Amino acid sequence: MVDVSHEPERSLNLPRIAELSDAENADIAEMSEQVRRVAQRNRERFVFYNAEQAFVNMGVAIPPEFEPYASVLGWNATAVDALARRIQLDGFVRRGSVDRFDGLDKTFRDTGFYQQDKMAVQSMLIYGVAFMATLKNAGTPQVQAYSARDATGLWDPVRPGRLRVGLAVQEWSHFGPKSLLLFYPGQVIQLERPTVGADWQVGRFSTGLPGRVSLRAFRFRPQLDKPWGQSRINRPMMSLARSGARSFLRGEMNGEVYGYPRLYGTNTPRRRLSSSGRGWRGSSRWTTSATRTARR
């Protein structure tokens, strides 16, 4: 049984682009492999967060005809949203100061930084990592958050915790990415193709941040063995959601099955049953056939 979500996997498979150097094409190939490697797992986290996962029947105690009545559980969304609401960005401080710096508040409001930050935190908790990019559009600063399904990067071996290069997909089509960005220190490379099969159009832009990649990773509980962080929707959480759905359905099914003998035992005629679907209407005057025989 498949899940009810129609969300496809997001996977990158870019050919070699002649306008890019060998090193840039090699970076794209390595980052594309990273996205493909976690595409199925990230889609699964997306499905569980939105409570669109399939009901997994063990095929022992629950007949298949009862599967449409399985409960929809939002436990995974609760695990993410409860913590996301507690993570609030209060502002920034300058180096050597303890007072909040409010000189950029207007810029943050104009660029929608606080809203993008909130969505990045939520996505970080779902997938373990999210990304925030800083760009310039016609001289105006622009901030854009990306989920782990749309972005990735390669770590800088010299400066731990920073990216050497980053990749973010701006627009998807049914056949893969339609527009994406490559982030290098001090510059951004934009790749676009108008239709499937067309050549990629390459544009290079300066970010105004020499020596720094303008794509930053938001990571939740990173480890040495898991530098990209850990998701709140982990394997135990997904297993509990599947098990809980089966337990609730068994309870509903047993309630229906064990409730029927009461109707049969009281010799309830069909005309006594409510036709409105609200169940049978009990009455203290209803007695079993054995009681009526004893009274005679």
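Reader: Which residues in helix 1 meet which residues in helix 4?

Author: Happy to start there. In this predicted model, helix 1 brings Asn-42, Arg-45, Phe-46 and Tyr-49 to the contact, and helix 4 brings Gln-122, Ile-126 and Tyr-127.

Reader: How should I describe the way two helices pack, and what are the values for helix 1 and helix 4?

Author: Two packed helices are described by the angle between their axes together with the distance between those axes. Here, the axes of helix 1 (residues 22–49) and helix 4 (residues 113–127) cross at roughly 110° and come within 9 Å. Angles of 65 to 115 degrees count as roughly perpendicular, so helix 1 is roughly perpendicular to helix 4.

Reader: Back to Phe-46: what sits over its ring?

Author: The charged end of Arg-149 does, 5.1 Å from the centre of the Phe-46 ring.

Reader: Now the aromatic pairs. How many are there in the whole structure?

Author: A search finds 8 of them. A pair of aromatic rings is described by the distance of the centres and the angle of the planes. Take Phe-113 and Tyr-114: their centres are 5.8 Å apart with 75° between the planes, an edge-to-face pair. Both also belong to one aromatic cluster with Phe-92 and Phe-108.

Methods. Residues are numbered from 1 along each chain as its sequence is written. This is a predicted model: local features need pLDDT of at least 70, side-chain atom pairs count only at pLDDT 80 or more; totals for chains, interfaces and linings use all residues. Side-chain values use heavy atoms; hydrogens and water are left out. Axes are lines fitted to C-alpha atoms, for helices over the stretch in contact, and angles run from 0 to 180 degrees between N-to-C directions. Helices (H or I, at least four residues) and strands (E, at least two) are DSSP runs, numbered from the N terminus. Angles under 35 degrees count as roughly parallel, over 145 as roughly antiparallel, 65 to 115 as roughly perpendicular and the rest as oblique. Contact means heavy atoms within 4.5 Å. Rings of Phe, Tyr and Trp (its six-membered ring) pair if their centres lie within 6.5 Å; planes under 30 degrees apart count as stacked, over 60 as edge-to-face and the rest as tilted. A charge sits over a ring if NZ of Lys or CZ of Arg is within 6 Å of the ring centre and within 35 degrees of the ring normal.
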